[in-house]
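Please keep the sequence and the model open while you read.

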Amino acid sequence: MLEKASLQILSEALEKLDAGFAALPANDAQPPGAERIGAVLAETSERLHDNFPYFHPLYAGQMLKPPHPVARLAYGLAQWINPNNHALDGGRASSAMEQEAVTEIAAMFGWSEHLGHLTGGGTIANLEALWVAGRLEQQKTILASAQAHYTHQRISSVLQLPFETIPCDTRGRMDLEALEKRLRRGDVGAVVATMGTTATGSVDPLAEILELRAKHNFRLHTDAAYGGYFALAENLGPETRRSFDHITQADSIVIDPHKHGLQPYGCGCVLFRDPVVGRLYRHDSPYTYFSSGELHLGEISLECSRPGAAAVALWATQKLLPLKEAGEFAKGLEQCREAAIDFHQRVVADSRFVAAFPPELDIAVFAPRAESVSASSTMSRSIFAAAARKNLHLAIAELPVTFFAANLGGVKVDQNSLTCLRSVLMKPEHHQWLDRIWELLSQATDECAH
Ligand SMILES: Cc1ncc(COP(=O)(O)O)c(C=O)c1O
């Protein structure tokens, strides 16, 4: 089941890496415990079985999948060096690779100039963006939609910045009227627009939020941790496309290569449109930054030590699959979206289910039809478990019942939220597997109906 052919490529690349250090005297020291590594690794493999099969198309649940083989191999290769991208002394080559890879991401959003770097993930990247917003607009409120990732509230509390949520419309997007009403009261430092919410993949109406920025003057941060790469997809709906086309006007962008960018975990990215914000990071370190007058990435990031291997993996992936419209990488994203649309249409056409609004990106949410919202919620949990027993792994989400309102005819609304089923169809091959996925879902649903 697991891809192993590429291990030979790693071995060849390792020989090449080794050859670059041939001038050094041999060092034959064995790492401690070398003779027991095989036994420990065998035990490690056993322990790893207690995971869902994220690599398989029948895993169609949370936002999880293994990295592309080139990323896995490049990360592994870099581990023989273990560069640290905090300072050039720790990772000269990998710092240059990080800057190149991040420049390509910025270019994907239409930025020829930027300040940016990789981070441990979306949370840290968002933390930096809101930290900058808080430094520039001191003690002013941060706004995000009720469907924004919970991290924004937590980050605001870490930064001791006031935080408020703005309600969403029936498609999970920030409600513009509610936003404007709140902006009129003043004292807003930043608005977070989510370009693909975690639960439903809804995209906040960025063009209209930008019009409000012109009137009310706040920093606009876009959290595109999950959805950002869809900027390259050519099959978005017109409203979603319009929002992505306006991302160039944001003040900051967060995107997670470890979500749709095919990377191992530990790879987020923050970008600022105005490089001048770099001054906010200024600090002295008596033990680093002496090796060169060039920029050390630690001078423009809150984290100190960071895996150079993450930059190496991202650089190699973007070499293999450039971030270009109509390229192989973009086509993969388009297939994911195709899968979600196809899945949604099957749900709409099947009287056993209640559909939510059509997917904007590649997340589909749906619920079993039952006499009431509470009964549907109970049944969602049963289907989730029954499907898992058949090796079809879905996810569960708790969403406002308003997201399903248009399709709830005949279902008694006895509570405000619905526990529904959720599927992130983030592997391009999900599209080819849809018949099989649907067959297993149908069987699980019928079992739970009896
Ligand atoms: C929109 C959004 N923002 C932020 C995050 C947090 O990112 P991370 O889990 O990489 O810290 C997520 C995670 O799913 C997300 O979907």
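1. Start with the buried side of helix α10. Its buried residues are Gly308, Ala309, Ala310, Ala311, Val312, Ala313, Leu314, Ala316, Thr317 and Gln318. Buried means under 20% relative accessible area, exposed means over 50%, and partly exposed lies in between (1.4 Å probe, protein chains only). Helix α10 is mostly covered, with 10 of its 13 residues buried. These buried residues pack against α3 (69-78), α4 (92-108) and β1 (115-119). Packing here rests on contact, which means heavy atoms within 4.5 Å. Helices (H or I, at least four residues) and strands (E, at least two) are DSSP runs, numbered from the N terminus.

2. A word on the source. This is a predicted model, in which local features need pLDDT of at least 70 and side-chain atom pairs count only at pLDDT 80 or more, while totals for chains, interfaces and linings use all residues. Residues are numbered from 1 along each chain as its sequence is written, and side-chain values use heavy atoms, with hydrogens and water left out.

3. Next, helix lengths. Helix α10 covers residues 308-320 and reaches 19 Å from its first C-alpha to its last, close to the 18 Å expected at 1.5 Å a residue. The expected span is 1.5 Å times one less than the number of residues. Helix α12 (residues 373-389) has 17 residues, so it should span 24 Å; its end C-alpha atoms are 25 Å apart, which agrees.

4. Stay with α12. Its buried residues include Val373, Ser376, Ser377, Met379, Ser380, Ile383, Ala386 and Ala387. The cover over the buried residues of α12 includes β9 (363-368), β10 (395-400), β11 (417-424) and α13. Just after α12, Asn391 takes a positive phi of about 70 degrees.

5. Now the charged pairs. How many salt bridges does the count come to? The count comes to 22 salt bridges. A salt bridge is a side-chain nitrogen of Lys or Arg within 4 Å of a carboxyl oxygen of Asp or Glu. One of them joins the side chains of Asp256 and Lys259, at 2.3 Å from N to O. Asp256 is buried, at 0% relative accessible area. Lys259 is partly exposed, at 21%. Elsewhere, Asp169, Arg171, Arg173, Glu239 and Glu360 are linked in a network of salt bridges.

6. Helix α11 (residues 328-349) holds both Glu334 and Lys331, three residues apart, about one turn of the helix. The two form a salt bridge, with the closest N and O atoms 3.7 Å apart. Glu334 counts as buried, at 11% relative accessibility. Lys331 is partly exposed, at 39%.

7. Another salt bridge brings together the side chains of Asp435 and Arg346, at 2.9 Å from N to O. Asp435 lies in helix α13 (residues 434-449) and Arg346 in helix α11, so the pair ties together parts that are 89 residues apart in sequence. Asp435 is exposed, with a relative accessible area of 54%. Arg346 is partly exposed, at 22%.

8. Helix α11 also contains His344. Is His344 buried or exposed? His344 is buried, with a relative accessible area of 11%. Leaving aside neighbours within four places in sequence, His344 is in contact with Ala355, Ala356, Phe357, Pro358 and Pro359.

9. On to the cysteines. A disulfide is a pair of cysteine sulfur atoms within 2.5 Å, and by this rule the count comes to zero. Cys336 is in no disulfide either; its nearest cysteine sulfur, that of Cys267, is 18 Å away. Cys336 is buried, at 1% relative accessible area. Cys168 is partly exposed, at 21%.

10. Last, a surface feature. Phe21, Leu24, Trp80 and Ile81 make a nonpolar surface patch of about 460 Å². Patches are made of residues with over 30% relative accessible area and no salt bridge: like charges are joined within 9 Å, nonpolar side chains (Val, Leu, Ile, Met, Phe, Trp, Tyr) within 5 Å. Accessible areas come from the Shrake-Rupley method with a 1.4 Å probe; for residues, only the protein chains shown count as cover. Phe21 sits in the loop between α1 (7-19) and α2 (37-48). Phe21 counts as partly exposed, at 41% relative accessibility.
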